[in-house]
Amino acid sequence: LTRWLVTRTHNKGIHTKAYQHIMAKDEEMADAILSSGSKKRSPNRLIVDDATNDDNSVISLSPAKMEQLELFRGDTVLIKGKKGRDTVCIVLADETCDDTNVRMNKVVRKNL
């Protein structure tokens, strides 16, 4: 709608410089909208993997991820799922876990 109005008024005598300025603002706004989806994800968003232990209140993270999130072994954390539900778990270090993954039991996943 903005482009149509600007184009019509441009034909009636608006200066080309003003027209270019308005079009540049329009393109900047479109770039801002498109680039907002590609921003870097937060470090606490992780991919869920199946746990190796059978404890219903424990999650496992890599030591590097625990250091990045400033967590210690045995800390309690609040985990939020996609559906907005949350649960409380205890964090343990797992050397075999990837930095982008979190390992949790099936019961914990069902609680989310």
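There are zero disulfides here, a disulfide being a pair of cysteine sulfur atoms within 2.5 Å. This is a predicted model, where local features need pLDDT of at least 70 and side-chain atom pairs count only at pLDDT 80 or more, while totals for chains, interfaces and linings use all residues. Residues are numbered from 1 along each chain as its sequence is written, and side-chain values use heavy atoms, with hydrogens and water left out.

| Residue | Relative accessible area |
|---|---|
| Cys89 | 1% |
| Cys97 | 6% |
| Arg103 | 13% |

Arg103 sits in strand β5, residues 101-104 (strands are DSSP runs of E, at least two residues, numbered from the N terminus). Its side chain has a polar contact with that of Asp94 at 3.2 Å, and another with the side chain of Thr96, also 3.2 Å. A polar contact is a pair of N or O atoms within 3.5 Å; within protein, one must be able to donate a hydrogen and the other to accept it, and residues adjacent in sequence count only if both atoms are side-chain atoms. Leaving out residues up to four places away in sequence, Arg103 touches, among others, Asp49, Val58 and Cys97, where contact means heavy atoms within 4.5 Å.

Methods: Buried < 20%, exposed > 50% of the residue type's maximum accessible area, 1.4 Å probe, protein only. Helix = DSSP H or I, 4+ residues; strand = E, 2+ residues; numbered from the N terminus.
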